[in-house]
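The sequence and the model come first.

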Amino acid sequence: MFTAMLKPAYDAFYRSFLQLVERNLVPDFLLRRGIRFLLRTKCLFHFKNTEDRLKHEMEFVEDLRRRPVAEQTKAANEQHYEVPTEFYLECLGKHLKYSCCLYSKPGMTLDEAEREMLQNYGRRMKIMNRQNILELGCGWGSLSLWMAQMYPLSKITSVSNSTTQKEFIDARAKELGLTNLTIITADMVTFEAPEAGNYDRIVSIEMFEHMKNYDKLFERCTRWLKSGGLMFIHIFVHKDTPYHFEEESEDDWMSKYFFTGGTMPSDRLFCFFAKGLHLKQQWRVNGNHYYKTCEHWLQNLDRSYRKGKAKAILEKTYGKEQSVKWYVYWRLFFLSCAEMFNYDNGEGKGNEWYISHYLFEKP
């Protein structure tokens with residue numbers, strides 16, 4: 001981004017600016033401008049021609065094939081999924097959906113948008129009673145609990161790499177009297193489905209972005225599905241250029257604190273890996289829906305912090321000395337995601353980064 005001569009000066013400026021940010025002294029309008037600057041200069045790739053763009057994508061595909069299924073899963077777990085559940089109860093909606101929601105009409109609340117997306121999943125993956133369903137990466141159980149309630153004759157098995165998530169979902173399932181939901185704590189690098197070859201549906205919501213070797217992952221999913229079974233995947237993507245979240249310079253803030261080992265897939269990336277599956281259908285969800293989701297999370301966090309609830313949780317988690325910094329970091333995370341998915345590339349907002357839904361079928 002900068003010449004070798006200017007980079008030390010830029011890094012020094014960034015460090016000084018970040019110190020002001022960490023003390024909560026920088027207003028949101030400046031933070032948003034800074035985020036858009038980094039999106040434009042670091043995350044948008046510019047190629048001389050279409051041949052170079054394709055070459056980058058093919059090299060990325062081959063690089064993924066040489067990697068393990070996932071990398072630095074412990075770091076990802078610590079960054080998000082072992083933060084106390086009470087924090088997310090303050091920020092998310094009533095379903096605790098920690099992923100993009102669907103705002104199908106103006107003025108929708110976060111709770112309504114959560115429910116709208118869950119219902120959308122049910123339609124798109126063609127769920128019905130008496131199915132054996134495997135969910136990979138279940139978060140706080142928004143979809144798992146919804147499926148278990150809506151389809152009481154189906155058997156739901158959900159996988160999380162977080163013990164706190166399992167404890168929360170198990171307790172909520174008990175409260176609701178659900179007996180058709182099983183939560184497994186496992187690392188996706190080594191996970192093997194307990195009923196391989198017998199699943200009618202596999203579903204994954206914003207988990208594949210934490211993965212690397214999609215060749216191995218798709219091979220496993222293909223083996224776990226029964227013939228005629230469907231796999232539904234919801235991921236965030238860049239429209240045409242995949243990249244890794246890597247900490248290479250001072251301003252790789254997201255990679256360092258919130259998405260270590262992560263992947264930004266391109267919209268068509270999975271087509272290179274789904275060898276044993278047929279891509280039956282694909283849908284896109286404009287990034288503006290994720291922008292609205294993140295803005296709602298930010299509003300909830302700020303409201304809770306003013307009331308002292310989120311502040312107390314952050315003090316308990318990070319210590320009093322670090323609590324303001326981490327309040328700012330969580331705000332910055334929500335702001336960064338909001339600005340990314342609302343980015344205007346000249347073709348309207350939400351068309352550079354967005355959500356893709358895929359429905360694969362095993363012949």
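**Sheet and cysteines**

Ile233 stands opposite Tyr358 in β9. The model is predicted, so local features need pLDDT of at least 70 and side-chain atom pairs count only at pLDDT 80 or more, while totals for chains, interfaces and linings use all residues. Residues are numbered from 1 along each chain as its sequence is written, and side-chain values use heavy atoms, with hydrogens and water left out.

Sheet
- β5 (residues 225-238) and β9 (residues 353-361) are antiparallel partners joined over nine bridges; two strands pair if DSSP finds at least two bridges between them.
- Strands (E, at least two residues) and helices (H or I, at least four) are DSSP runs, numbered from the N terminus.
- Seven strands form an open sheet with mixed pairing, in the order β3-β2-β1-β4-β5-β9-β8.
- The edges are β3 (181-185) and β8 (278-285); each has a single partner strand, so one side of each lacks a neighbour in the sheet.
- From one strand to the next, the twist averages 15°.

Helix on the sheet
- Helix α6 (residues 110-124) packs on the sheet and touches β4 (199-205), β5, β8 and β9, where contact means heavy atoms within 4.5 Å.
- The direction of α6 makes about 30° with that of β9; axes are lines fitted to C-alpha atoms, for helices over the stretch in contact, and angles run from 0 to 180 degrees between N-to-C directions.

Cysteines
- The count of disulfides (cysteine sulfur pairs within 2.5 Å) is zero.
- Cys221 is in no disulfide, and the nearest cysteine sulfur, that of Cys138, is 15 Å away.
- Cys221 has 0% relative accessibility and therefore counts as buried (under 20% relative accessible area; exposed is over 50%, partly exposed in between; 1.4 Å probe, protein chains only).
- Cys271 is partly exposed, at 47%.
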